[in-house]
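Welcome, and thanks for opening the viewer. Get your selection tool ready, and we will walk through a few stops together.

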Amino acid sequence: MKSKLICGSFFLLVLVSQTSGADSASPYAGQETRDIKALAPEDVDAYLSGKGMGLAKAAELNGYPGPAHVLAMATELELSASQKERSEALFRSMEAKATFFGHALIAQERRLDEEFASKTITQKSLAAILKRIGELQAEVRGAHLEAHLAQLAILTPSQIAKYQTARGYAGTDSHPSGHQHMH
């Protein structure tokens, strides 16, 4: 009798766990109506407009300020007219490059989505599209990281330290080794 009870209890537990899993919706539910299924609309907008999206965290969190934040803090950092002008030019260049590659990236993501939707995707086309998406992601990220690298050379060590403090970064190296100022 005891073995029948244990066996029956086990069967009931298995049945309950299977049915409860079947009723739960996928975390992707609702995303099937997106224009590009793999990207949230705000991500598409960010790529198309050259926004940072946290792509330069490796630089930002290691003491390399970004031009957008530097410009927003121009008064606090006491930027000279030349530093402000150079930072503005750097930002425009970064934004243009990131936007250019962002548009190309979105086109490839759209192509990938369309080939899956139309059931025309093949191993060969998948590999080619993914390779291009990877290259474009690197270009977009590179545009942002390169801007942080270039921004460092525009600021003084004191301005970099102020930036770090104002942004709330404790314990970061405020003047990475090997950086040179060009004022």
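**Two loops and a helix pair**

Start by selecting Glu 78, which is found in the loop between α5 (74–77) and α6 (81–117). Keep in mind throughout that this is a predicted model. Check the backbone here: Glu 78 has a positive phi of about 55 degrees, although it is not a glycine. For context, most residues other than glycine have a negative phi.

Next, select Met 53, in the loop between α2 (41–49) and α3 (57–60). Met 53 is not a glycine either, and its phi is positive, at about 55 degrees. The relative accessibility of Met 53 is 36%, so this residue counts as partly exposed.

For the last stop, display α6 (81–117) together with helix α7 (residues 123–152). Two packed helices are described by the angle between their axes and the distance between the axes. What do the axes of α6 and α7 do? They come within 9 Å and cross at roughly 165 degrees. Angles over 145 degrees count as roughly antiparallel, and α6 and α7 are therefore roughly antiparallel to each other. Turn the view to look at the handedness: α6 passes α7 in a left-handed crossing. Finally, colour the contact of α6 with α7 by residue class, and you will find 17 nonpolar, 7 polar and 7 charged residues.

Notes: Residues are numbered from 1 along each chain as its sequence is written. This is a predicted model: local features need pLDDT of at least 70, side-chain atom pairs count only at pLDDT 80 or more; totals for chains, interfaces and linings use all residues. Side-chain values use heavy atoms; hydrogens and water are left out. Helices (H or I, at least four residues) and strands (E, at least two) are DSSP runs, numbered from the N terminus. Buried means under 20% relative accessible area, exposed over 50%, partly exposed in between (1.4 Å probe, protein chains only). Axes are lines fitted to C-alpha atoms, for helices over the stretch in contact, and angles run from 0 to 180 degrees between N-to-C directions. Angles under 35 degrees count as roughly parallel, over 145 as roughly antiparallel, 65 to 115 as roughly perpendicular and the rest as oblique. A crossing is left-handed if the near helix is turned anticlockwise from the far one by less than a right angle, and right-handed if clockwise. Ala, Val, Leu, Ile, Met, Phe, Trp, Tyr, Cys and Pro count as nonpolar, Asp, Glu, Lys and Arg as charged, and the others, Gly among them, as polar.
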